[in-house]
Amino acid sequence: MRGCSQCLCLALIPVIFQVTLADSASGQVQISGENACCASWSPNGTGIAFASRTGAQSVEIWTIPATGGTATQLTSNQDFDSTPSWSSGGQIAFESWRSGNPDIWVIPAAGGEASQITTDSARDSSPAWSPDGSQLAFASERSGNWDIWVMPATGGTTTQLTTHGAEDGFPAWSPDGSQIAFMSDRSGNPDIWVIPAAGGTAWQITTNSLSDSFPDWAPDGTRIAFTSWRSGNADVWDISVEGGTARQITCLDCESCFEAEDPGEDTRPSWSPDGTQIAFDSDRADFFGSIWILAVPAVPVERSTWGTIKAEYGKS
């Protein structure tokens, strides 16, 4: 059993996309779409954009009410559309291969025609909107190496933000738009780093010897959630923007938390706009690929009530 001294005790809610099997007793929901991933909240917190396989060769962008329900398909390109990011102006940016090359595209969240934003021959990936919706940060190989780039949301001149020889990816803006968190292996190991959005010197936030990636900034600007393998399993953690001790949010074999006895891999955390919830990808249930939502913080679960909780949610 692994330790969980920094683990937060949390209440989880499975987000239902297209339900083919639901077991309210266990709290597990099977969805018909394969590989549902990459959650991005709407600015008002009522919806979530995500990517899901719709055929043997097709991954598309969908939206769903944050409380669960029927999903709406936004793209139908019969190709690979992924990593959506929802803007304050009602647009969803995403990576697409529809032009024959991975580029950044944008589509109205209400549906409509998609517009191509980047056209470089190198791969562009993982778009992230600035809080005011005026800029997009993204990862690109156009310099011959994976780096973080920034450009106007309407297209135009791109600016290279990171220039280190290491691999940099998965940018995430701070709520005030002044900084961008990202994953980098420049220290010899994938960790979370931050750089001024206007350019400058990056500084390291996490220093663990195992992989940390997929950062997402809390709406109050004080913490960064991320995926880490430091516990021996992919789980969601968060850490102060000043660095220090990280807190484990999703858990494995931690009997003081709701998450006990769950070896699923939890990745790509996404804070809700009000900071009370985190959506993330997980294969924790007996099916592959789904989006889950957890409430943070939550009232700690007393050890004496653990048997009741296990029975209610089908834990054994």
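**Figure 1. Serine 85, a buried residue in a predicted model.** Serine 85 is buried, since its relative accessible area of 11% falls under the 20% limit for that class. The model shown here and in the other views is predicted. Serine 85 belongs to strand E8, which covers residues 81-86. When neighbours within four places in sequence are set aside, the contacts of serine 85 are Ser40, Gln91, Ile92, Ala93, Pro127, Ala128 and Trp129.

**Figure 2. The largest pocket and its lining.** The volume of the largest pocket is about 880 Å³. The lining is made of 35 residues, and those closest to the centre of the pocket are Ser40, Ser85, Trp129, Asp216 and Ser270. Two or more lining residues come from each of the elements E4, E8, E12, strand E16 (168-173), E20 and E24. By type, the lining consists of 22 nonpolar, 11 polar and 2 charged residues. Ser85, listed among the residues closest to the centre, is the serine of Figure 1, where Ser40 and Trp129 are among its contacts.

**Figure 3. The salt bridge between glutamate 95 and arginine 123.** The structure contains 8 salt bridges. In one of them, the side chains of glutamate 95 and arginine 123 come together with an N to O distance of 3.1 Å. Distant parts of the chain are linked by this pair, whose members are 28 residues apart: glutamate 95 is in strand E9 (residues 91-96), and arginine 123 is in the loop between strand E11 (115-116) and strand E12 (124-129). Glutamate 95 is classed as buried because its relative accessibility is 2%, under the limit of 20%. Arginine 123, with a relative accessible area of 30%, is partly exposed.

**Figure 4. The salt bridge between aspartate 212 and arginine 230.** An N to O distance of 2.6 Å separates the side chains of aspartate 212 and arginine 230 in this salt bridge. Aspartate 212 is in strand E20 (residues 212-217), while arginine 230 is in the loop between strand E21 (223-228) and strand E22 (235-240), so the bridge ties together parts 18 residues apart in sequence. The relative accessible area of aspartate 212 is 0%, and the residue is buried. Arginine 230 is partly exposed, at 22% relative accessibility.

**Figure 5. The salt bridge between arginine 268 and aspartate 281.** Here the side chains of arginine 268 and aspartate 281 form a salt bridge, 4.0 Å from N to O. The pair connects distant parts of the chain, with arginine 268 in strand E24 (residues 266-271) and aspartate 281 in strand E25 (residues 277-282), 13 residues apart. Arginine 268 is partly exposed, with 23% relative accessible area, whereas aspartate 281 is buried, with 7%.

Figure 6. Most residues other than glycine have a negative phi. Cysteine 38 is not a glycine, yet its phi is positive, near 65 degrees. Cysteine 38 lies in strand E4 (residues 34-41) and is buried, with a relative accessible area of 6%. Serine 126 is likewise not a glycine and has a positive phi of about 55 degrees. Strand E12 holds serine 126, which counts as buried at 9% relative accessibility.

Methods:
Residues are numbered from 1 along each chain as its sequence is written. This is a predicted model: local features need pLDDT of at least 70, side-chain atom pairs count only at pLDDT 80 or more; totals for chains, interfaces and linings use all residues. Side-chain values use heavy atoms; hydrogens and water are left out. Helices (H or I, at least four residues) and strands (E, at least two) are DSSP runs, numbered from the N terminus. Buried means under 20% relative accessible area, exposed over 50%, partly exposed in between (1.4 Å probe, protein chains only). Contact means heavy atoms within 4.5 Å. On a 1 Å grid over the protein atoms alone, a cavity is a set of points where a 1.4 Å probe fits but cannot get out, and a pocket is an open set with protein on both sides within 12 Å along at least five of seven lines; lining residues have an atom within 4 Å of a point. Grid points are joined across faces, edges and corners, and a volume is the space filled by probe spheres set on the points. Ala, Val, Leu, Ile, Met, Phe, Trp, Tyr, Cys and Pro count as nonpolar, Asp, Glu, Lys and Arg as charged, and the others, Gly among them, as polar.
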